[in-house]
Every structure is written in C-alpha cells, then in structure tokens.
Amino acid sequence: MVTTAFDEMTGFDDGCRQGYEVVENWLRDTPVDLLKQRRHEAELLFRRIGITFAVYGDAEGEERLIPFDIVPRIITAPEWGRLAAGLRQRVTALNMFLKDVYSKGEVVRAGVVPEDLVYRNPYYRPEMQGIALPHDIWVSIAGIDIVRVDSETFYVLEDNARTPSGVSYMLENREVMMRLFPELCARHRIAPVENYADELLATLKSIAPPTASSEPTVALLTPGPFNSAYYEHSFLADKLGAELVEGNDLYVRENVVYMRTTEGPKRVDVIYRRLDDDFIDPLAFRADSVLGVPGLMSAYRSGNVTLANAVGTGVSDDKAVYSYMPEIIRFYTGEDAILSNVPTWRCREPEALKYVLDHLSELVVKEVDGSGGYGMLVGPKADTAKIETFRAKLLAHPEKFIAQPTLALSTCPTFVDEGVAPRHVDLRPYVLTGADGVRIVPGGLTRVALQAGSLVVNSSQGGGTKDTWVVDVGRDHGRHWQQQQQQQAAAGTRSPA
C-alpha cells in the first residue's frame, strides 16, 4: 500500500515536473486576490450557463454547481500516449467480452470468469442473448476511471460501460479556462477537446443499423428534467445537433422507432440513451416505467434501431467482473494489460473475505454494483461504528462486495480558500468506439477531492472538477515564461493571469 502521495507538479518533493513549469510560475507570480476574483468569475459563468446537477436524497432536490478549480491539471503528451494505448486495448476487450457472453460464452467455458458472476449478475440481460449488434459494438461510449500513484504508474479504478456521465463538464471546463485565462492557455500547446461532439456524432452514425438511411437520424433519450444529469443530456443533444427526446416523444410501429415531430413521424435509427436498462421498455423490463418506449426492445431485436450503449453492458462494469479484466484482456487479445487494475480482493472468495475482515481499517470496501461514491467504506477514514456496520454487511452478503488497498492517489495543486494546496484527483477519459475504430479525445474529466486528505472525488460527495490539459512539452515553456516575466519586470509591468 502506497502511503506517500505523489504530487503531479512537484513529484515526491523533488522539484517541478516537466509540463508544469509555466503553471508553477503562474501560481507563484499571480496575486491571490486575482485568483479569487477569477474563481468567482468562473462560478458566475457556470451559473449563467446553467451547468448544475441534483443530488439524490436531498430533502428539496436542490440543484447544485459542481465546484470548479481554476488550476489546470497537466498531462504530458508521452504520458497521454501510454494512457491512450491502454484505454484502447481495454475498451476493445470489453466489447469482445460482451459479444462473447451474449453469444458463445467462451470466456466462461474457459474458466476465465466464473459462470455465476456473469449469468447471475443483476445487470445480465437474457433478452440480449444471441442478438447480433452492428459491427459487434456493445460499448460505444465508455468512461474509464484512472488514478495515478507515481510518475509512471496509472491504475484503472473502474469501468463505466452503461451511461457514463460528466463529459459536459470536460467541455465546459475548457471553455471557461480559455475565457478566463487566455494568456496562460496560449503559453501551452494544449490538445483540443472541443471536437468531442463531432467525434461522438460520427461514432453514433457509424453504428446505425443496416436498415437505416445513408444519413441516420440520431436522438438522445433522457429520463427528463428531474434526472440529476439532465443538463448534460440537453447540452450534448444541442452539441450533436440531435433531438433530445423523452419516452413519450417516441413510439414503435411494425418494429420501427419513430419520433413525433411538428412535421409528422420521423424514423429514428440511433438512440443515445441516458436511461437505465430497467426503464427503457415497459413491455420488456419494468412494467411500471413511464420513462421508456413500449416495444423498443422488439425494434432493437429486429435490427431496426441501435441503442448506445447496448442493453446489458452493466455486466462488464460490475466491480467483481472488473477484477478479472487483466485475464479478460489476455484471453481476447493475447496481450498483457497495458493499464493495471487496482489490486482487488473478491469478498465472495473465503480466503479474500477473511483477509478483508481482518484488515477493514486499512481497506476501501465497495459494493460490486455501486456508483457515485455511495455504499463504500474508506477504512482509514471510518470510525469504529461504520467499520462494524460493514463487517456485518460482509458477513451477511460477501458476494456483494470487493475490497482494495487505500492507494495514495496523486495530488494536484488546487486553489482552495486557504490558497494553493494539494488535493487528490482521478481522471475519467471518454473512449468512443465506432465502426471505423476507437476515438479518444485527449484528456478527460479530472475530478478533485476538495476536502484536505479526502480520497472521495465524486461530485455527489462534495468533489469538484478541473480542466485537464494534454500538453506538448517539445519546447521549453518554463524558460520562455521566465524570460517573458523578466522582460516585463524590467519594463515595470506584470502579465495578467
């Protein structure tokens, strides 16, 4: 278990790391009052844009802003190259795994993954068995959560293969940084992210069913304005130039999906759905769902519409299945995993359970189907009562939990009320898979734990976000900045933030 946090700007207190030279000088030379003013302006911009989320369980369902940190996170181009190769390999294997478990099941027959873990998984959908999807793509949009522990080591924390969220914040964070800090941005060669919507639209159109026209119609299906991520649904539909629809905007006739429009019915070929499996079709899943489209699964099985992501992908982002990903990658690709998993104890196994029960105060314990930072124990931060509560849960239902060491997640400089201080971060890159291959927009969403010492970065648990810069370090930007500062100082001026 790592005990000392690696800081992405200063390493293990061994000086400024490559890529961060300009940011280090900027933080040193910019007055704190000016940074506070810019942070306030960023908040006003986000409020004006309306980029909010709701926390389930709030007594009043209050809409909140996700706190935005004005200090960018830097990832160098060589570091990103290694990450991108690992992400591409991993998502390719995830798609191969899902195709296999819903057809021949060779990965189960070979003993790579236990049969019950797949076919008794709450997210396994027998309705999908034997369905051939266009180009064998099950996960078109993946959000892979990455953590870092030193200059070389990145771990995959979890795979999000159902309806990964957060990409709107990645895009809005960049826009706000460009608006508030144009000169700082200009001093770096930053890989762009604003082409994400174009890449997503191309991906979705590429997986349209064979019966679609040459110009497929794409719609984004949302649960509606009471969903916590509704802002993102609306934002992405606008960026894509696609219709934002709710279930009652669509209907199925003769196994074809149509959208109601002011000009009459219009066929829909691809549905980017932000609605969980249980609710998409009351005739196939939950009969009480008023959010879905009756008959949608029939149209889907008939090959007349594509759903992204496919129904049943939750099997692959189950945290117990996650623990087998190195073996899954090797089984399908013949390669070792480029990105390692966090070491994981499967509490369904007696020896692992015994170890976890004996070391609860040292470990992170998670529900295999949990998300959003809910239902987890961070042992070193928990009191005795919470540890004993989890002990009882583990003894009652060990198969519902996994445990991992408490990694010292890397930190990044973050502007908080006390000034600039290190805070723990993770990274969610977005990986798009279409008929013409895998697309990855450089960077992703950096989430930051704003409370000192906290390892929980989820927005629902008080975390914030940062802009993530993948930068070319071919030039000595630090020296360039220093020379410019010296020239301006000699002229009696200071560069604005």
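A polar contact is a pair of N or O atoms within 3.5 Å. Keep that in mind for the first of these views, which all come from a predicted model.

View 1. Asp281 sits in the loop between strand S11 (270-273) and helix H10 (296-301). A polar atom of the Asp281 side chain does lie 2.8 Å from the backbone nitrogen of Leu283. Beyond its neighbours within four places in sequence, Asp281 is in contact with several residues, including Arg286, Pro294 and Ser298.

**View 2. Strand S3, covered on both faces.** Take a look at residues 68-76: 9 of the 9 residues in this strand are buried. One side carries Phe68, Ile70, Pro72, Ile74 and Thr76, while the other carries Asp69, Val71, Arg73 and Ile75. S3 pairs with strand S23 (residues 464-471) in the parallel sense, over 6 bridges. Within this pairing, Phe68 stands opposite Thr465.

**View 3. Asp467 and Arg174, joined by a salt bridge.** Their closest N and O atoms are 2.9 Å apart. Asp467 belongs to strand S23 and Arg174 to helix H6 (residues 167-180), so this pair links parts of the chain 293 residues apart. Asp467 counts as buried because its relative accessibility is 2%, and Arg174 counts as buried at 6%.

**View 4. Arg439 and Glu199, another salt bridge.** Here the N to O distance is 2.7 Å. Arg439 is in strand S21 (residues 437-440) and Glu199 in helix H8 (residues 196-206), so the pair ties together parts 240 residues apart in sequence. Arg439 is buried at 17% relative accessibility, whereas Glu199 is partly exposed at 25%.

Definitions and conventions: Residues numbered from 1 in each chain as written. Predicted model: local features only at pLDDT ≥ 70, side-chain atom pairs only at ≥ 80, totals over all residues. Heavy atoms only, no water. Helix = DSSP H or I, 4+ residues; strand = E, 2+ residues; numbered from the N terminus. Polar contact = N/O pair within 3.5 Å; in protein donor to acceptor, adjacent residues only side chain to side chain. Contact = heavy atoms within 4.5 Å. Buried < 20%, exposed > 50% of the residue type's maximum accessible area, 1.4 Å probe, protein only. Pairing = 2+ DSSP bridges. Salt bridge = Lys/Arg side-chain N within 4 Å of Asp/Glu carboxyl O.
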